[in-house]
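Please keep the sequence and the 3D view open while you read. This note goes through the two chains point by point.

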Amino acid sequence: MTRTDSAESTGPLLTATRLRKTYGPTAALNGAEFTIDSGEIVAVMGPSGSGKSTLLHCLAGIITPEGGTVHYRGHELSAMSDAQRSKLRRGDFGFVFQFGQLVPELTCAENIALPLRLAGTNRKEAESCALEWMARLEVDDVRSKRPGQVSGGQGQRVAVARALAARPRVIFADEPTGALDSLNGERVMELLTTAARETNAAVVLVTHEARVAAYSDREVVVRDGQARDITSATAGIA
Amino acid sequence: MSISNTLLGLLESGPRHGYDLKRTFDERFGHDRPLHYGQVYSTMSRLLKNGLVEVDGVEAGGGPERKRYAITDAGITDVGRWLATPEKPEPYLQSTLYTKVVLALLTGRDAADLLDAQRAEHLRLMRELTRRKTNGDLGDQLICDHALFHLEADLRWLELTADRLDRLAGEVGK
């Protein structure tokens, strides 16, 4: 499957139904449901080990659940070949992890251009796009430096720029501010959410920090393998 | 917040009219709760009576809004004392939330639902403050951060309590 321009669907952008995934005797996901639309920012929260990262990895097609389905724009991920899923992750999906996971041998600008090059963009255009995103993320002064030569905050902004440069439809952010101090973390969140809103990208934001979740539109809590949207939760105990 | 101490402190940089004091207060501290003119003038008459301010001049036309106030030496001492006195931290020991959780457990209602509903309400306010902070100046950011840190502390308590509900249910059921 190529980038799914031709596969317009009227349903949600990304939907998970009855996901089940176990690690040994532990059920990380046990019937989890999830849905996100274009332009939405959804925080996924929950205690440590509750399965929130597992949910993100299933949604992104990085791991395959033992039960349930994930549909992206009407296509079931598990029905795709590995090559198709890889292509999806390079084009439609963008990723930001806790520790940037930049390629240490490449400069920051080259790191941002890399997914574009892998998706077939020519070198000049990829470099130009990388520099444009570096300016937007306020890190154009480190373009020629390698990841080991920049601060944690700068590195994470480079990682956000890399995730956004390919104009993904979904950004998966797993504890994107987990390794940053409060001020840097908030700036990264401001830049990430502003850019995502401008490009109408959906963001699946896994975090254990309420202050980070406060940048989202709604919140899903993963608990006991289930995912519950509590944005409009009301105590049904009257 | 002590309005009289704040107005007195604003006067330390120089004499001001009542309407000027109100405007400065609202700009700096009154984002959510601007002062009424009546509050300003009743506060100033009290400060006058206590010798902490004096009338520095009156424009033609009379009326309280025409008076210009200046801080006295006693007023300056008062501001210094107030600034040097630490605010008493809130003890947070009479928690309505804790009471609600225990009552829900005692009466067989769903305490987890109650905690989730409260969590949603806290996050709703945190989103609102985060939006205000993102679009605001440094003053807005600091005011919102203060509130956000408190709300975050509440949320951590909600999470902790949710994790301990089974144990708490056992204890209150004894």
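1. Ground rules. This is a predicted model: local features need pLDDT of at least 70, side-chain atom pairs count only at pLDDT 80 or more, and totals for chains, interfaces and linings use all residues. Residues are numbered from 1 along each chain as its sequence is written, while chains are lettered from A and ligands numbered from 1 in the order in which they are written.

2. Make-up of chain A. Chain A holds 7 helices and 10 strands. Both are DSSP runs, numbered from the N terminus: helices (H or I) have at least four residues, strands (E) at least two.

3. Size of chain A. Its C-alpha atoms fill a box of roughly 55 × 40 × 35 Å along the principal axes. The radius of gyration is 18 Å, which agrees with the value near 18 Å for a compact globule of 238 residues. That radius is taken over C-alpha atoms, and the globule rule is 2.2 Å times the number of residues to the power 0.38.

4. Burial and contacts. In chain A, 45% of the 238 residues count as buried. Buried means that 20 or more other C-beta atoms lie within 10 Å of the residue's own; exposed means 12 or fewer, partly exposed is in between, and C-beta atoms are placed from the backbone. Now take the contacts in chain A with a separation of 6 or more: 72% of them join residues 24 or more positions apart. Two residues are in contact if their C-beta atoms, placed from the backbone, lie within 7 Å.

5. The cores. A nonpolar core is a set of buried Ala, Val, Leu, Ile, Met, Phe, Trp, Tyr and Cys residues joined through C-beta atoms within 7 Å. The largest one has 77 residues, and A:Val44, A:Leu55 and A:Ala161 are among those with the most contacts inside it. Helix H5 (residues 152-165) of chain A gives the most to this core: 7 residues. A second, separate core has 11 residues, including B:Leu11 and B:Met44.

6. Leave aside neighbours within four places in sequence. A:Val44 then contacts A:Lys52, A:Leu55, A:Val204 and A:Val222, among others. A:Ile171 sits in strand S7 (residues 170-174) of chain A. Why does A:Ile171 count as buried? Because A:Ile171 has 24 C-beta neighbours inside 10 Å. The residues A:Ile171 touches include A:Gly94, A:Val96 and A:Val203. The C-alpha atoms of A:Ile171 and A:Ala60 are separated by 9.2 Å, though these residues are 111 residues apart along the chain.

7. Helices in chain B. Helix H1 (residues 3-11) and helix H2 (residues 18-28) of chain B have axes that come within 10 Å and cross at roughly 110 degrees. H1(B) and H2(B) are therefore roughly perpendicular. Angles run from 0 to 180 degrees between N-to-C directions, and axes are lines fitted to C-alpha atoms, for helices over the stretch in contact. Under 35 degrees counts as roughly parallel, over 145 as roughly antiparallel, 65 to 115 as roughly perpendicular and the rest as oblique. B:Thr6, B:Leu7 and B:Leu10 in H1(B) meet B:Leu21, B:Thr24 and B:Phe25 in H2(B).

8. Where the chains meet. The contact takes 16 residues from chain A and 19 from chain B. Helix H7 (residues 210-213) of chain A supplies the largest share of chain A's side, 3 residues.
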